[in-house]
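Open the model in your viewer and follow the stops below. Keep the selection tool at hand.

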Amino acid sequence: MDLNDLEVFCEVARRSGFAAAALEIGTTPAHVSKRIAILESQLGVRLFHRTTRRVVITEDGERAFQWAQRILDDAGAMSEAFSDAQKEPTGQLRIATSMRLGREHVAPILSALGRRHPKLEVWLELLDRRVDLVSENFDLDIRVGDPTQPHLIAHRILESRRILCASPEYLKKRGHPRSVGELAEHDCLLYRERDHAFGTWRLLGPGGLESVKVSSRFSSNHSDVVRGWSLDGKGICLVSDWDIAQPMREGRAVQVLPAFHAPADIWAMTSTRSADSAKVRVCVEFLKAQLLSGPHALDTRVGLPH
């Protein structure tokens, strides 16, 4: 049985379509259809129900998908076992992370990682939602905020926090809130990030955890947009300290309620199947070192209480 056919099959199963799988693999839908037909002939079962609109995996296809993933994982683990013995990680490393963190910091760090380990192939996907590491075939998910999935393995990359900020123009017009509760009376710019609660800010302060329900005319699923609106005077935002460091140094952003913050450490999440992978271990350690003190390190010094 051809491992390449199993990879094609898994891609069709994940994306529920021959055309989508072909686009991902870099081939044609006709080639994908042919390889699936060969695999179905070898196994003696129908793997997918095909209609003019969609492809639906069958019950036998679901069983085959579990086997195919296991076989491909074992084949990859065998390859990595020997590459690990040679101290040189190889193969494709699939990573998911959020938009701004990925574009500004993770992407250039992975470029440097690729130069150091030329046998690594890197796929980086930027999306502001939680990914399913196994079903979507990712090795790592670099995320901001505490991990909440007990079946995954969490590697803390960097300690960080979210702080409240607004432009000087907004604060001149509306004044500084004096308590967490007063945030409900202000324009608070809302950002829906992955699995975080939307419209509720939970902040740690001298008296412990406080929550407030906030609202605004402006909200987005992209942190760049919310950050830009805040700098444009539209309201108060809750943003990672490293993401607002430069505007604060330039005087374009002012911290609000500096005694309060929301924990927002950066984590690398892996599944149990990827935890012992040489390429994953190398990537996690490299990210830790570079985000802390490399040329693309995150500035987490701003917004700390004096």
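Begin with the open sheet of 5 strands, in the order β4-β3-β5-β15-β6 and with mixed pairing. Bear in mind that this is a predicted model.

Now select the edges of the sheet: β4, residues 120-126, and β6, residues 153-158. Each has a single partner strand, so one side of β4 and one side of β6 lack a neighbour in the sheet. Turn the view and follow the twist, which averages 25 degrees from one strand to the next.

Next, select β3, residues 91-97. β3 pairs with β4 in the parallel sense, over 7 bridges. Which residue of β4 is the bridge partner of G91? Pick L120 to see that partner.

Now move to a pair of helices. Select α2, residues 18-25, and α3, residues 29-43. They pack with their axes 8 Å apart, at an angle of about 105 degrees. Angles of 65 to 115 degrees count as roughly perpendicular, so that is how α2 stands to α3.

Show the side chains where these helices meet. From α2, pick F18, A19 and A22. From α3, pick P29, V32, S33 and I36. What is the make-up of this contact between α2 and α3: how many residues are nonpolar, polar or charged? The residues divide into 6 nonpolar and 1 polar, with no charged ones.

Conventions. Residues numbered from 1 in each chain as written. Predicted model: local features only at pLDDT ≥ 70, side-chain atom pairs only at ≥ 80, totals over all residues. Heavy atoms only, no water. Pairing = 2+ DSSP bridges. Helix = DSSP H or I, 4+ residues; strand = E, 2+ residues; numbered from the N terminus. Axes fitted to C-alpha atoms, helices over the stretch in contact; angles between N-to-C directions. Parallel < 35°, antiparallel > 145°, perpendicular 65-115°, else oblique. Contact = heavy atoms within 4.5 Å. Nonpolar A, V, L, I, M, F, W, Y, C, P; charged D, E, K, R; others polar.
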